[in-house]
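Dear colleague,

I am handing over the structure below, together with the notes I made while going through it. Please look at it first, and then read on.

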Amino acid sequence: KDGVAYMSKASALHTWFGSFGLTAYEETNVKANAPLPYLTYTYATGDSDGGEVSIVVNIWYRTENNTTPNAKAEQIYTAVGRGGVMIPVEGGAIWIKRGSPFCQAIAEPSDANIRRRYINLTAEFLTA
């Protein structure tokens, strides 16, 4: 086509989620005893006439305060931007947008020092 090699949808999402300075895992593929902090995301896919799909991102930290996890959630908020972000993929693009509510703090009953941020995104697959 235009001489540019595009990634698959799965690879492009994984690369994008991994761009925030944390190890990124599909939520069904977290390694046993994975060291914190890390990020998990749901892998959902679609095509141009399928509408938006929900993607949930969880940020996991072990810390005694909320400063670092809140800053990481804010980094993702800023990266997505008000109008969303387009991720080029083979056959088109994925349009990532902020969901509502964007972010919620979730307590972990088993460990008071685990700070989790539950982030809602939507993805529109502008692909064939």
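**Helix 2 and its two sides**

The face of helix 2 that is turned away from its buried side carries the exposed residues Thr67 and Thr78. Here buried stands for a relative accessible area under 20%, exposed for over 50%, and partly exposed for what lies in between, with a 1.4 Å probe and only protein chains counted. Please keep in mind that this is a predicted model, in which local features need a pLDDT of at least 70 and side-chain atom pairs count only at pLDDT 80 or more, whereas totals for chains, interfaces and linings use all residues. Residues are numbered from 1 along each chain as its sequence is written, and side-chain values use heavy atoms, with hydrogens and water left out.

Helix 2 covers residues 67-80, and its 14 residues reach 20 Å from the first C-alpha to the last, close to the 20 Å expected at 1.5 Å a residue (the expected span being 1.5 Å times one less than the number of residues). Which residues of helix 2 are buried? They are Pro69, Lys72, Ala73, Ile76 and Val80. Seen down the helix axis, these buried residues fall within an arc of 100°, so they line one face of helix 2; the arc is that of the directions from the axis to the C-beta atoms. Their cover includes helix 1 (9-17), strand 2 (38-41), strand 3 (52-62), strand 4 (85-89), strand 5 (92-107) and strand 6 (114-127). After helix 2 comes Gly81, with a positive phi near 75°.

In the loop between strand 3 and helix 2 sits Asn66, which is partly exposed, with a relative accessible area of 35%. Leaving aside neighbours within four places in sequence, Asn66 is in contact (heavy atoms within 4.5 Å) with Arg115 and Arg117. Asn66 and Gly50 are 16 residues apart in sequence, while their C-alpha atoms are 37 Å apart in space.

**The chain as a whole**

The protein chain has two helices and six strands, in the order α-β-β-β-α-β-β-β along the sequence; these are DSSP runs numbered from the N terminus, with at least four residues of H or I for a helix and at least two of E for a strand. With 128 residues, a compact globule would have a radius of gyration near 14 Å, and the 15 Å of the protein chain agrees with this; the radius is taken over C-alpha atoms, and the globule rule is 2.2 Å times the number of residues to the power 0.38. Of the 128 residues, 40% are buried.

**Aromatic pairs**

How many aromatic pairs does a search of the whole structure find? There are six, where rings of Phe, Tyr and Trp (its six-membered ring) pair if their centres lie within 6.5 Å, and planes under 30 degrees apart count as stacked, over 60 as edge-to-face and the rest as tilted. One of them is the edge-to-face pair of Tyr25 and Tyr38, at 5.5 Å centre to centre with 90° between the planes. This pair links distant parts of the chain, with Tyr25 in strand 1 (residues 23-26) and Tyr38 in strand 2, 13 residues apart. Tyr38 also forms a tilted pair with Trp60, at 6.3 Å centre to centre and 35° between the planes. Tyr38 lies in strand 2 and Trp60 in strand 3, so this pair ties together parts that are 22 residues apart in sequence. Both Tyr38 and Trp60 are buried. Finally, Trp16, Phe17, Phe20 and Tyr41 form one aromatic cluster.

With kind regards
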